[in-house]
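Here is a friendly briefing to read alongside the model. Keep the structure open as you go through the points.

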Amino acid sequence: MPTFTGDGGANTLNGGTGADTLIGLGGGDTLNGGSGDDVLYGHSAGATGAIISTAFATGFASPVAGATAFSDPGFLYIVEKETGIIWRVNDDTGARTQFIDIANTAFTSNGERGVLGLAFHPTDASRFYVFMTDPEGDLQVREFTRSANPAVANTSSTLVIEIPKQTGESNHNGGWIGFSPTDGFLYIATGDGGGGGDPGNRSQNLNDLLGKILRIDVNSDAFPGDGARNYAVPGNNPFVGIAGADEIWAYGVRNPWRNAFDPSNGALFIADVGQSAREEINYLPAGAGGRNFGWRIMEGTQPYNPAPSPAPQPGDPSLVLPIFEYPKRHRRRSLYRPQYRVRWAVRLRGLFEPSLLVPLSGRWRGDRRH
């Protein structure tokens, strides 16, 4: 594995075709991975200095999500939780125009509610999907379309799925949605319904869609008589034909707020916000449906509040432990953009906390939160 190291000045380091290590050394470096599986360090390997982030675009009101569209390279779409506005942002200049203003009557935004997630269809340039909480507090994914002017969306929409959440709590809605790069299905991350400690043990309840990763097919409608279910269930979802809701792909999560697929292999990295002790990152390989990530039996790798036996207990081999966790301090939360391959294969190590790593047209912009 060749190693390329900066000299302390502003260097440009370019990887080759193999698996390279590129190490900046304190200057304002530009690190370009090649076609191999490269490792990039912002400073020297093992250094503890902070990576400085640069403001890319400012002036948003409660921005909570970003997404890109295959049909619109060079632009990032930013979601505002409380206003319902989605901005189309030029990722070279930061200049933005309004893509859509979702009517305030279509959602509620108190507490952790609001317009929370965005995903563009992977093959149909005209369609995109928004995760929001409706005025009654239930969770919805709605389909929108671009207008004749592709830089502007139509404001009308179609309900794809509604997930009841009448728990009396405004928190733990989840909010992330995304299309798998391998199977093309839409994945939906829902929170446990809130209340602290999952008092209803909903994350472990296979008949409840809260506290889950769901997987649906938005290109078909298997429920033509049901206006709240405009989708089909993939036949290989793990609970099809057996006890449990057919839409569930994985379960045992608390509030999987921000997640991301590895586009090279379809693996899903799940950033699950912890209760009081641990923040965690879970790993779900492509095709590995039915996994139980343990909440509320476990918080990270620590026992939390298991139900009485015969329910799984801490240490049960059926529970999938996180690939990374860290103790709560300074009110940090897991907001993960992982090992993301854009124009080249890279792994970022060393200095980035697993919060806010956002790929913009093949360039990395990072933030280290305190």
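## A loop glycine, a sheet and its rings

Glycine 227 is found in the loop that runs between strand 16 (212-216) and strand 17 (248-251); helices (H or I, at least four residues) and strands (E, at least two) are DSSP runs, numbered from the N terminus. This is a predicted model, in which local features need pLDDT of at least 70 and side-chain atom pairs count only at pLDDT 80 or more, while totals for chains, interfaces and linings use all residues. Residues are numbered from 1 along each chain as its sequence is written, and side-chain values use heavy atoms, with hydrogens and water left out.

**The loop glycine**

- Glycine 227 is exposed, at a relative accessible area of 54% (buried means under 20% relative accessible area, exposed over 50%, partly exposed in between, with a 1.4 Å probe and protein chains only).
- From C-alpha to C-alpha, glycine 227 and leucine 159 are 7.3 Å apart in space, although 68 residues apart in sequence.

- Four strands make an open, antiparallel sheet in the order 10-11-12-13; two strands pair if DSSP finds at least two bridges between them.
- Strand 10 (115-120) and strand 13 (158-163) are at the edges with a single partner strand each, so one side of each has no neighbour in the sheet.
- On average, neighbouring strands of this sheet are turned by 20° against each other, direction ignored (axes are lines fitted to C-alpha atoms, for helices over the stretch in contact, and angles run from 0 to 180 degrees between N-to-C directions).
- Strands 10 and 11 pair in the antiparallel sense over five bridges, and they form a hairpin with six residues between them.
- The bridge partner of glycine 117 in strand 11 is phenylalanine 131.
- Strand 11 (residues 127-133) pairs with strand 12 (residues 139-145) in the antiparallel sense over seven bridges.
- This second pair is a hairpin with five residues between its strands, and glycine 137 in the turn has a positive phi of about 95°.

**Strand 11 and its two faces**

- Seven of the seven residues of strand 11 are buried, so this strand is largely enclosed by the rest of the structure.
- In a regular strand the side chains alternate between the two faces of the sheet.
- Here Arg127, Tyr129, Phe131 and Thr133 point one way, and Phe128, Val130 and Met132 the other way.

**Aromatic pairs**

- The count comes to 15 aromatic pairs, where rings of Phe, Tyr and Trp (its six-membered ring) pair if their centres lie within 6.5 Å, and planes under 30 degrees apart count as stacked, over 60 as edge-to-face and the rest as tilted.
- One of them is the tilted pair of phenylalanine 99 and phenylalanine 128, at 5.1 Å centre to centre and 45° between the planes.
- Phenylalanine 99 lies in strand 9 (residues 96-101) and phenylalanine 128 in strand 11, so their pair ties together parts that are 29 residues apart in sequence.
- Phenylalanine 120 and phenylalanine 128 also form a tilted pair, with 5.6 Å centre to centre and 35° between the planes.
- Phenylalanine 99 and phenylalanine 128 are buried, and phenylalanine 120 is buried too.
- Ring pairs link Tyr77, Phe99, Phe120, Phe128 and Phe144 into a cluster.
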